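Please consult the sequence and the model alongside the text.

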Amino acid sequence: MNLTHPFLDADGDKLREECGIFGVIGARDAAAMTALGLHALQHRGQEAVGIVSYDGQDFFARRGLGHVAQVFSDAAALAELPGEMASGHVRYSTTGGQGLRNVQPLHADLARGAFSVAHNGNISNAMSLKRELVQRGSIFQSTSDTEVIIHLIATSRYHKLLDRFVDALRMIEGAYSLICMTPKRMIACRDPLGIRPLVMGRIGDATVFASESVALDVVGAEFLREVEPGEIVEVRQDGRITSHRPFGDVGARPCIFEHVYFSRPDSVMGGQSVYEVRKRIGMELAKESPAEADLVIPVPDSGVPAAIGYAQESGIPFELGIIRSHYVGRTFIQPSDGARHADVKRKHNANRALVEGKRIVLIDDSIVRGTTSLKIVQMMRDAGAKEVHMRIASPPTSHSCFYGVDTPERSKLLAAQMDVAAMAEYIHADSLAFVSIDGLYRAVGEKARNAACPQHCDACFTGEYPTPLTDMLERDADTSQLVLPVGNVA
Ligand code: AMP
């Protein structure tokens with residue numbers, strides 16, 4: 001049993017993960033479609049993948065460590081997963097939580113039938129719930145926070161599955177988008193604040209759910225709508241769809257960081273093109289923090305749309321001054337520090353012929369630890385850039401996320417340790433500026449951030465967490481770093 005806190009014990013098993021989920025019911029090739037959908041969500045997690053299918057009689061599962069294309073590389077792997085209903089999960093885990101036992105979807109045979117669950121998000125009272133469950137006799141198979149949901153359903157005193165499910169969700173705090181399967185139906189839901197995304201689509205007679213709309217595009221499904229915050233959508237084998245809203249309306253707080261970095265730019269989220277939002281962030285940045293320069297250069301790929309926006313707004317030409325190798329994964333998604341450092345060098349190279357003798361504005365989406373910025377600024381200087389002005393398409397990331405986006409503990413966040421001037425010095429930039437929080441809200445289509453009741457979860461920038469953080473508070477005597485909680489309390 002692991003009851004260590006993810007942010008307090010760097011070496012212990014972690015309960016936390018970030019990931020992408022996909023599910024389909026009513027399609028002849030459900031598992032193959034799920035593999036394709038997960039492939040489109042690969043950017044959300046690259047360490048492990050799993051698919052569970054149901055053929056009307058039995059459930060089948062295949063899970064593995066690695067990318068979708070590795071684990072489901074051949075027809076034989078998919079042939080192990082027959083049936084018209086399937087769901088899957090791509091996962092990123094931090095050190096210690098990587099074993100196969102944590103790879104989702106998790107599946108269990110409960111008293112009233114089998115149940116499988118794929119979860120995107122993080123349950124912020126999982127450890128305290130787990131402790132109670134273990135005291136009452138539950139035996140956990142994994143260190144994943146998601147398993148708590150299964151045990152809560154198993155031990156609920158209600159009779160009907162849906163009532164047991166709602167009963168379990170009422171005890172959970174934090175962020176969860178779930179795709180669940182029982183022998184009779186697929187159940188998809190979002191937490192009452194809708195912190196993590198989940199969309200719904202249709203292909204032929206089949207209903208599809210996915211973390212992002214890009215997965216619907218890739219499998220050829222039509223986008224229907226988002227699963228609403230706090231909504232439970234039940235799809236029966238015959239295609240009938242029922243919507244339940246047991247939590248009422250508490251006011252949505254979808255994660256704003258999905259727009260900044262996490263989602264693919266070709267996804268539509270909250271009715272907004274992620275690409276357009278990122279471009280608008282760049283425009284806001286250009287208005288708020290202009291720079292005298294010859295070129296606007298994105299840190300590829302995450303800085304590209306914002307750099308286009310910055311260039312359009314400022315009139316400074318957009319150029320590719322850094323070329324990215326496409327044969328390495330994202331910098332951040334590597335469990336150990338050593339691997340991350342080596343990756344920055346393998347990943348990016350300066351376009352010396354372009355940048356030599358120029359004053360450049362470098363655009364990236366965020367500074368987390370500062371590792372990327374430090375190396376890229378140096379790379380530009382080594383390539384002969386005369387001045388390097390760094391502009392960041394998000395406010396300073398000053399607080400850890402407890403809702404399923406991997407961020408390091410607060411002590412490793414550059415913005416938690418330094419002010420902007422000190423950060424500029426640390427990364428050796430001639431100037432450094434971040435978009436303001438209101439500029440970010442304008443880019444996602446709001447007039448400004450509503451301080452009394454923010455329209456998004458922006459805790460990584462503000463420290464205002466929209467739910468209680470039970471596990472965190474239990475363990476951390478020093479709560480001075482947190483501003484807790486404001487706005488909607490789930
Ligand atoms: P760092 O080098 O630690 O400052 O990380 C900053 C880089 O990591 C930026 O270029 C971002 O594109 C990327 N990044 C920011 N947040 C995340 C995240 N949660 N997961 C993966 N990559 C991230």
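**Salt bridges and a parallel sheet**

Asp 294 and Arg 359 form a salt bridge, with their closest N and O atoms 2.9 Å apart; the term denotes a side-chain nitrogen of Lys or Arg within 4 Å of a carboxyl oxygen of Asp or Glu. The model is predicted, so local features need pLDDT of at least 70 and side-chain atom pairs count only at pLDDT 80 or more, while totals for chains, interfaces and linings use all residues. Residues are numbered from 1 along each chain as its sequence is written, and side-chain values use heavy atoms, with hydrogens and water left out.

**Asp 294 and Arg 359**
- Helices (H or I, at least four residues) and strands (E, at least two) are DSSP runs numbered from the N terminus.
- Asp 294 is partly exposed at 26% relative accessible area, and Arg 359 is partly exposed at 22%; buried means under 20%, exposed over 50%, and partly exposed in between (1.4 Å probe, protein chains only).

**Other salt bridges**
- The count of salt bridges comes to 17.
- Arg 442 and Glu 284 meet through their side chains in a salt bridge of 3.0 Å, N to O.
- Distant parts of the chain are linked by this pair, with Arg 442 in helix H16 (residues 437-443) and Glu 284 in helix H9 (residues 274-288), 158 residues apart.
- Arg 442 is partly exposed, with a relative accessibility of 33%, whereas Glu 284 is buried at 11%.
- Glu 464 and Arg 449 form a salt bridge in which the closest N and O atoms are 2.9 Å apart.
- Glu 464 lies in the loop between helix H17 (459-462) and helix H18 (470-475) and Arg 449 in the loop between H16 and H17, so the pair ties together parts 15 residues apart in sequence.
- Both Glu 464 and Arg 449 are buried.
- A network of salt bridges links Arg 44, Arg 196, Glu 212 and Glu 258.

**The sheet containing E19**
- Four strands form an open sheet with parallel pairing, in the order E16-E19-E20-E21; two strands pair if DSSP finds at least two bridges between them.
- E16 and strand E21 (431-434) are the edge strands, each pairing on one side only.
- E19 pairs with strand E20 (residues 387-392) in the parallel sense over 6 bridges.
- Val 361 has His 389 in E20 as its bridge partner.
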